Amino acid sequence: MASSDSEKPPEEHVKFTIDNMRDAADAHRRGLSQLYLPGKGYRVVEPDSEHGDVPLPQGTHKINSLSDDLLLARSDMHDIPENVAQQRWDLDMRGWLFLHFRLEGLSRETLPDGTERTVGGNSFLLSASQSGPYGTRQVIGDSWRTVGIACRPSFIADELKISSDNLPRELRQFQEGDETSEFWFAGELTAVMMGVANALLKPLVHETVRPIYLRAKAVELVCLAVDRLRQPEQLVDSGIKLSNYDVSCMHRAQQILDDSRRAPTLEELARLVGVNRNKLAVGFKHVFGMTVGTYHRERRLTLAFDLLKESGVSIALAADEAGYRDASSFSKAFKVRFGVLPSDVRS
């Protein structure tokens with residue numbers, strides 16, 4: 001017998017503030033992790049420690065303090081449990097500019113004026129307010145690959161030397177300390193933004209220079225974001241309505257692609273997951289921010305990268321695992337994706 005809405009667990013509101021980001025950054029500096037445990041609140045724990053019967057996402061979530069006025073958050077999580085979908089994150093970043101670069105994931109955003117919208121992958125969100133919270137976010141689905149940057153107005157003016165005259169009016173008001181200012185922008189990631197965000201999630205530098213590298217890449221993303229604001233178009237809804245069942249079908253398609261050395265055709269994949277070809281094509285890009293073909297190529301190249309980095313396998317074997325028929329085509333695709341040749345990352 002199906003359960004009624006009254007039997008569903010209540011949604012849990014979780015407040016997340018700049019102070020929470022600072023605390024998480026401090027924990028990371030000390031080799032610890034700050035986690036939010038449903039029903040228990042924030043806890044600072046040893047990395048990879050057990051938490052009893054509390055289901056938590058798999059993957060990584062790291063927050064770094066790059067300076068007094070610049071914070072960096074990186075999330076690469078999968079297998080997000082259903083209990084997380086019952087959480088609504090009340091984001092309160094007042095006084096700071098918050099930039100969100102999403103490579104993968106689906107969320108329901110509730111803005112301060114009560115407006116709701118669903119945002120998928122390949123998205124760039126920017127919010128700024130001097131006096132109030134950003135709004136509420138509910139994560140939908142079981143994957144989340146994002147880069148978040150929080151910076152004070154002083155960082156834009158003093159370190160980047162960007163004049164307020166070059167900012168949109170609402171953001172200029174925020175920059176000048178107007179207590180009534182509120183700014184929210186949503187757009188698609190550019191190809192350059194995607195490349196920098198991926199570099200932050202998987203930095204290819206030694207740990208001795210990683211802090212400098214992370215700061216340089218974060219500054220690059222902020223500059224790209226400010227430049228992106230010059231373009232007036234906003235993120236346009238895809239026009240497709242995805243039910244919970246449809247979203248689960250997209251994730252089944254993702255799992256099939258993850259397990260397939262060579263991708264099935266779009267028609268085959270649609271038949272396997274139980275949706276029509278058009279819904280799969282449009283819905284998959286809405287949820288994961290890229291087409292089915294691009295997703296499969298990205299995942300296979302990432303697998304090949306990890307194989308070369310961690311186990312020192314031959315380039316020919318890595319190419320075969322990535323679904324490439326010859327090492328030359330594999331090396332070209334690898335260089336385009338990671339900026340280095342396969343031979344450069346072998347252990």
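**View 1. Packing of helix α8 against helix α9.** Helix α8 (residues 266-273) packs against helix α9 (residues 277-288) at an angle of about 95°, and their axes lie 9 Å apart. Because angles of 65 to 115 degrees count as roughly perpendicular, α8 and α9 are roughly perpendicular to each other. This is a predicted model, in which local features need pLDDT of at least 70 and side-chain atom pairs count only at pLDDT 80 or more. Residues are numbered from 1 along each chain, and side-chain values use heavy atoms, without hydrogens and water.

**View 2. Residues in the contact of α8 with α9.** From α8, Leu-266, Glu-267, Leu-269 and Ala-270 take part in the contact (heavy atoms within 4.5 Å), and from α9, Arg-277, Leu-280 and Ala-281. By class, five of these residues are nonpolar, none is polar and two are charged.

**View 3. Span and buried face of helix α12.** The twelve residues of α12 (residues 327-338) should span 16 Å at 1.5 Å a residue, and this agrees with the end C-alpha atoms, which are 16 Å apart. Phe-330, Ala-333, Phe-334 and Phe-338 are the buried residues of α12, where buried means under 20% relative accessible area (1.4 Å probe, protein chains only). Seen down the axis of α12, these buried residues fall within an arc of 110° and therefore line one face of the helix.

**View 4. Surroundings of helix α12.** The buried residues of α12 pack against α10 (292-310) and α11 (315-321). Lys-332 and Val-336 are exposed (over 50% relative accessible area) on the face turned away from the buried side of α12. Gly-339, with a positive phi near 80°, follows α12.

Note on methods: Helices (H or I, at least four residues) and strands (E, at least two) are DSSP runs, numbered from the N terminus. The expected span of a helix is 1.5 Å times one less than its number of residues. The arc is that of the directions from the helix axis to the C-beta atoms. Axes are lines fitted to C-alpha atoms, for helices over the stretch in contact, and angles run from 0 to 180 degrees between N-to-C directions. Angles under 35 degrees count as roughly parallel, over 145 as roughly antiparallel, 65 to 115 as roughly perpendicular and the rest as oblique. Ala, Val, Leu, Ile, Met, Phe, Trp, Tyr, Cys and Pro count as nonpolar, Asp, Glu, Lys and Arg as charged, and the others, Gly among them, as polar.
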